[in-house]
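Hi,

Here is the structure I said I would pass on.

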Amino acid sequence: MNKNSPHRIKNVILKEWRNTFFNLNSAAVIIFLPLLITLQALFVIYVVIMFASADSLNSTLLQNGLNLLQSSIPSLSSLSTIDQFQVLFYSQFPIYILLIPVLISIMFATFSIIEEKQYGALEPLLATPVRTWELLLGKATAGAVPALIMTWICALVFLIGVNWIGSPDILSYVLSPAWWISLLLFVPLVTILSFMLGVIASSRTKDPKSAQNMGIIIIIPVLLLIGMQVSGFIALNTFNMMIMAIIIAILNLIILKAAVYLFQRESIVVKWK
Amino acid sequence: MSFIIESSKLTKKFPERVAVRSLSLNVKKGELLGLLGPNGAGKTTTLRMLSGIISPTSGSAQVAGYDIENEVEDLHEVIGLLTETPGFYESLSAWENLEFFANFYADLDVDYQIEKYLKIMGLWNRRDEKVSVFSKGMKQKLALARSLIHEPEILFFDEPTAGLDPRASREIRDLLMKLKKEGRTIFLCTHNLEEAETLADRIALINTDLIALDTTSNLKSQIFKKMVIVDLESVNNHILDTVEKLKFVVNVKQKDNQLQIELIDFDQNTPDLIKALVESDGRIKGVSKAKHSMEDIYLALIKSDEGEEI
């Protein structure tokens, strides 16, 4: 890094934000989609709790999930069965919330890179003194900052919602260490992973839609995790989440290497079609 | 003599083909070099290598004293690149686009430079409009402004007038002349032979390999030798025999009543040729030196490279 690097990275970030947030469609998607995802989660849980009885929930696969959660939090059994199910449902949010950084990062990566490909702006850009890593870091930061901020805002909205619509006293059970691990470790890691996958997808496709379709594959493991936890196949306790964080960090390093390789000047100019 | 661009055996191989092979050429400071060649000849690849965007497979080059592989950041401070497609962020205005690119250069008075070049290009009144509403000619002028914004001493231009209407092409060519007069070194890739002939100090013709590198007049005399055109009232066998038997005549071609005669030395042999024609009862209507266009040179060199007889 030389003395001009911070200025150049800032220049890339500001351009990306100007380009994205001056576009009403993109701005609306980045702001309203995460809120919609959050409110939808609250609404679905609220409806299930309101209209399903403890007996009907007990007779499903969810009982396995509840048993596993009870083994992680023994004091949970002091709550009523329906409140225990509430805690089980609300506890999925730390994983479910990962959909937000995934969607925003992939959108940013594909939008910013495909646009440059479509208009041929990358080649003149590469003829300036900007280094490739400065460009990639600027773009990644431009996508990561709104992704992180929106995710944390949505987490706050969710907790306010739990406090408002949930039974009294369950907030302390919901706000487990898994929450903090997810918000402070998982979300940044998944943001980087999603951005890199977006870069890779963008280098291989010609339009943002195709790139987003390719990048969106990352949503599948997130949904799988939720399903596995609810049905009791896996307990996302502190230990398991730390293990997963390490796996995602290693995965990030591998994907980062691929993304940086694809983001070499020569690859961009010669191979990106 | 000091050269501002020096390349030595520059080669670029892609998995499927060799784009440029062993290209050695030098460009003097303040010179405008026209790079010509058929499609796929390696012109853009050469330009990309010399401007430090892609690395050569082998060989080396120095531009403004900077190595094109190891000193790319410094190199990019002193060169300006005009790519074949203008390449702008269409949702940003002309000013915002130039501001973004200008901000990458160190110690630049960005606002002053943007205003200067938008005015030169006649785009000052359109500065706040989005680039998406610009015509192709306007985008090309804006791209030129972008390539000049940091006052580079060396300019790499790839097809600057391609696809433009005659008026816009003229404006761009006039600007190139102005830049040349300012003493900037210009490396111009073009398909437009007239443009190359008018603007370039020297021409480099490539077709993967470097075929020729010289001034237009030297290339003409090298390729077309010393050719004289003689128009006669009529040509008969006696006249043809007389001319063919002259020792200084290399070749004779007849086209109706015109003879195209290749001489060993135009200035020295022409009077003797006229004398011989008059003595063989030839009635001469006119004598002229053969004229060849840039297109003739280009086609002759390409044919020669492909093994055809000129």
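First, the housekeeping. This is a predicted model, in which local features need pLDDT of at least 70 and side-chain atom pairs count only at pLDDT 80 or more, while totals for chains, interfaces and linings use all residues. Residues are numbered from 1 along each chain as its sequence is written, and chains are lettered from A and ligands numbered from 1 in the order in which they are written.

Let me start with where the chains meet. Chain A puts 23 residues into the contact and chain B puts in 25 residues (two residues are in contact if their C-beta atoms, placed from the backbone, lie within 7 Å). On the chain A side, the elements giving two or more residues are α1 (5–21), α8 (122–126) and α15 (265–271). Of these, α1(A) gives the most, with five residues. (Helices are DSSP runs of H or I with at least four residues, strands are E runs of at least two, and both are numbered from the N terminus.) By type, that side of chain A has ten nonpolar, six polar and seven charged residues. Here Ala, Val, Leu, Ile, Met, Phe, Trp, Tyr, Cys and Pro count as nonpolar, Asp, Glu, Lys and Arg as charged, and the others, Gly among them, as polar.

Now the helices of chain A. α11 (residues 177–204) and α14 (residues 238–262) pack at an angle of about 20°, with their axes 9 Å apart (axes are lines fitted to C-alpha atoms, for helices over the stretch in contact, and angles run from 0 to 180 degrees between N-to-C directions). That makes α11(A) roughly parallel to α14(A); angles under 35 degrees count as roughly parallel, over 145 as roughly antiparallel, 65 to 115 as roughly perpendicular and the rest as oblique. The contact of α11(A) with α14(A) is made up of 24 nonpolar, three polar and no charged residues.

For another arrangement, look at α4 (residues 62–72) and α5 (residues 81–90) of chain A, whose axes come within 10 Å and cross at roughly 90°. α4(A) and α5(A) are therefore roughly perpendicular to each other. α4(A) contributes A:Leu62, A:Gly65, A:Leu66 and A:Leu69, and α5(A) contributes A:Gln84, A:Phe85, A:Val87 and A:Leu88. That contact has six nonpolar, two polar and no charged residues.

A:Ile100 counts as buried, with 26 C-beta neighbours inside 10 Å, and A:Phe111 is buried with 22 other C-beta atoms within 10 Å. (Buried means 20 or more other C-beta atoms within 10 Å of the residue's own, exposed means 12 or fewer, and partly exposed is in between; C-beta atoms are placed from the backbone.) Leaving out residues up to four places away in sequence, A:Phe111 touches A:Thr20, A:Ser26 and A:Pro208.

Over in chain B, four strands form an open antiparallel sheet in the order β12-β13-β11-β14 (two strands pair if DSSP finds at least two bridges between them). β12 and β14 (284–289) of chain B stand at the edges with a single partner strand each, so one side of each has no neighbour in the sheet. From one strand to the next, the twist averages 20°.

Going through the pairs, six bridges join β12 (residues 249–255) of chain B to β13(B), and B:Val249 stands opposite B:Leu263 there. In the hairpin of β12(B) and β13(B), with two residues between the strands, B:Asp256 takes a positive phi near 55°. Six bridges also join β11 (residues 226–232) of chain B to β13(B), where B:Ile229 has B:Gln260 as its bridge partner. Five bridges join β11(B) to β14(B), with B:Asp231 partnered by B:Gly286.

Which face of β13 of chain B is covered, and which uncovered? The covered one has B:Leu259, B:Ile261 and B:Leu263, and the uncovered one has B:Gln258, B:Gln260 and B:Glu262. Helix α9 (residues 237–245) of chain B lies across β12 and β13 of that chain, at about 155° to β12(B).

Cheers
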